Amino acid sequence: MRLREIPITAWIGIAGILLALFCAIFAPWIAPHGETEVVGEVWAPADGQFYFGLDNLGRDILSRLIYGARTTLFVALGATLISFSLGIVLSFTAAVSRGPIDTVLSRFNDLMMSIPTLIFALVVLAVLPQSIFILILVMAVLDSTRVYRLGRAVALDVAVMEFVEAAKLRGEGRVWIIFREILPNTLSPLLAEFGLRFAFAILFLSTLSFLGLGIQPPAADWGGMVKDNKDGIIFGISAALVPGGAIAALAICVNLVVDWLLKRTSSLKGGRGDA
Amino acid sequence: MSPSTDTDGLSGRKLRERFPLAALILERLVLSIILLFAVSLLIFVGLQALPGDFASTYLGQSATPQAIANIRDQLGLNQPLLSRYLSWLGHAMVGDFGTSWASQNSVGEQIGLRLGNSLFLAGFAALISVPLAVGLGMLSVHFRNRLPDKIINIVSLAAISLPEFFIGYLLIMFFAVKFGVATFPATVYAEMSLYDRLQAIALPTATLVLVVLAHMMRMTRAAILSVMSSAYMETAELKGLSAFRSIVRHAAPNALAPIINVVALNLAYLVVGVVVVEVVFVYPGMGQYMVDAVTVRDMPVVQACGLIFAAVYILLNMVADILAIVANPRLRHPR
């Protein structure tokens with residue numbers, strides 16, 4: 001693949017994601033103030049010193065945005081990675097073994113998907129103790145149902161091909177077939193799906209934090225920052241819109257890259273004439 | 001409905017062949033009912049399997065063992081799980097969801113007040129967004145790969161990336177605070193006139209419309225495109241049918257089912273989107289009620305709301321499937 005073939009929109013997306021990653025990794029060095037440090041008056045407007053103004057407790061919004069990138073990206077990425085591992089292993093196992101294993105897993109998946117994700121998360125989070133790892137796990141398990149559905153569909157297409165048949169006749173085990181035969185041949189639609197799920201995870205985490213059920217204060221997190229500053233809106237203070245805009249911008253960037261990946265996948269499919 | 005509703009055994013197969021439509025619809029109905037029971041089981045029994053004790057949740061952290069034991073007794077937590085589930089389900093069927101732990105009010109009564117508000121909001125948003133989305137989707141197909149289509153594509157891609165609360169606060173910032181043409185918060189009460197009520201929910205409705213519009217439009221576009229690129233549309237064009245005739249006679253009947261599906265799917269999404277929008281606009285609906293209950297871990301309320309949201313969602317999906325079955329010309333005219 002040549003770099004020149006990547007469309008401009010995808011470049012914008014990649015640049016945005018890299019910027020957020022940069023902020024997340026080097027947060028303590030590039031943030032002008034501390035994550036929870038009170039540096040001035042409550043909801044002080046933006047000026048030369050504080051580019052986005054101060055929040056509801058007088059903390060620097062820019063600094064909290066930079067630290068928040070850390071939490072938001074870490075949790076969203078962690079949840080997406082776990083949900084993918086879980087969803088793909090289960091769906092490929094179902095697609096390869098068929099029979100009762102497939103039926104049980106698929107019916108259970110249908111059941112999980114028949115409850116809206118947000119509602120399910122609310123019900124579960126009402127019982128579970130609040131911690132960041134439980135949050136990641138809940139997000140991952142709920143999201144893995146979507147990965148499972150796609151994974152099973154693409155794996156079923158590949159599992160009936162001759163080379164998989166050949167591997168089975170050769171006496172390869174299930175693990176080999178899943179990871180050496182099927183996975184490499186389904187990588188490109190799954191990659192696009194990964195991006196899509198990642199964008200969804202960012203939005204979902206922000207929504208949960210906004211509702212007060214995600215990341216707990218005082219840790220900075222973009223959704224939580226909107227919640228902290230939402231009361232300022234009535235007085236015309238736009239502090240809540242800055243983190244909201246950051247969430248939107250990051251999600252748009254991820255979607256721009258996904259859009260390109262999807263187009264590439266579909267054109268690949270047409271060109272090769274298999275799949 | 002057809003006679004196949006009350007058949008079993010031997011004649012079932014024959015009737016299924018004669019009335020494939022009714023059989024499919026019946027199948028879908030039964031499936032939804034089973035699903036609903038499974039969901040209620042998951043919400044009630046599944047939660048008990050999770051770590052975290054209801055009694056200590058109820059009392060908070062400062063609970064003595066004796067107090068916990070008393071509460072377990074009082075809430076009936078000492079009875080076997082199955083009998084608790086059955087009694088909960090039995091009461092839930094007639095709209096009795098017990099009393100809230102936090103306020104000691106009847107949960108069913110609260111839900112009765114709030115469910116109507118939520119459905120009103122979601123229904124009004126649907127009324128606006130569905131025609132708009134289908135229209136824009138058709139427009140986008142008409143100008144396929146030309147400038148209007150590209151603009152719609154980029155804008156809708158951006159729109160699906162915006163979190164609901166961000167759209168909500170943007171609207172509040174501009175229309176309620178800067179220009180002062182809309183009201184915030186969106187308070188409604190029983191004695192309100194319809195006009196006042198519509199005015200109060202203008203901004204929440206606009207938010208919901210913006211949230212589902214992009215999704216629905218993109219899916220409509222994809223559905224119509226896949227029909228337009230099928231072989232019979234090419235045949236229609238090659239045999240010299242006018243564009244209008246080929247769309248009305250050949251494309252529309254086949255595109256109807258996928259479009260209905262798209263619409264219903266997004267209506268189901270609307271029901272969930274209501275949760276966040278209600279919190280943003282402080283609107284007295286089900287979503288607000290549920291989120292408040294989750295924060296204070298008020299389990300009877302959480303379970304009741306969870307069940308109702310899931311039921312509405314399952315119901316809408318079922319209606320979508322049934323309408324899609326009915327709208328499918330291949331099933332409607334069996335050979």
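Entry 1, the interface. I counted contacts between the two chains and found 37 residues of chain A touching 38 residues of chain B. I then looked up which helices of chain A take part: α5 (117–127), α8 (174–210) and α10 (241–272) each supply at least two residues of the side that touches chain B. Sorted by class, that side of chain A has 27 nonpolar, 8 polar and 2 charged residues. I note here that the model is a predicted one.

The largest nonpolar core has 163 residues. I asked which members touch the most others, and the list is A:L122, A:I202, B:M290, B:V302 and B:C305. Helix α12 of chain B, residues 243–281, gives the most to this core, with 17 residues. I followed up B:C305 and set aside its neighbours within four places in sequence. Its remaining contacts are B:M286, B:Y289, B:M290 and B:A293.

I located B:V107 in helix α6 of chain B, which covers residues 107–142. Is B:V107 buried or exposed? I found 25 C-beta neighbours inside 10 Å of B:V107; the cut-off for buried is 20 or more, so B:V107 counts as buried. Leaving out neighbours within four places in sequence, I listed its contacts as B:F97, B:G98, B:T99, B:S100, B:P300, B:V301 and B:A304. Last, I checked B:V107 against B:V272, which is 165 residues away along the chain, and their C-alpha atoms are separated by 20 Å.

How values were computed: Residues numbered from 1 in each chain as written. Chains lettered and ligands numbered in written order. Predicted model: local features only at pLDDT ≥ 70, side-chain atom pairs only at ≥ 80, totals over all residues. Core = buried A, V, L, I, M, F, W, Y, C linked by C-beta atoms within 7 Å. Buried ≥ 20, exposed ≤ 12 C-beta atoms within 10 Å, placed from the backbone. Helix = DSSP H or I, 4+ residues; strand = E, 2+ residues; numbered from the N terminus. Contact = placed C-beta atoms within 7 Å. Nonpolar A, V, L, I, M, F, W, Y, C, P; charged D, E, K, R; others polar.
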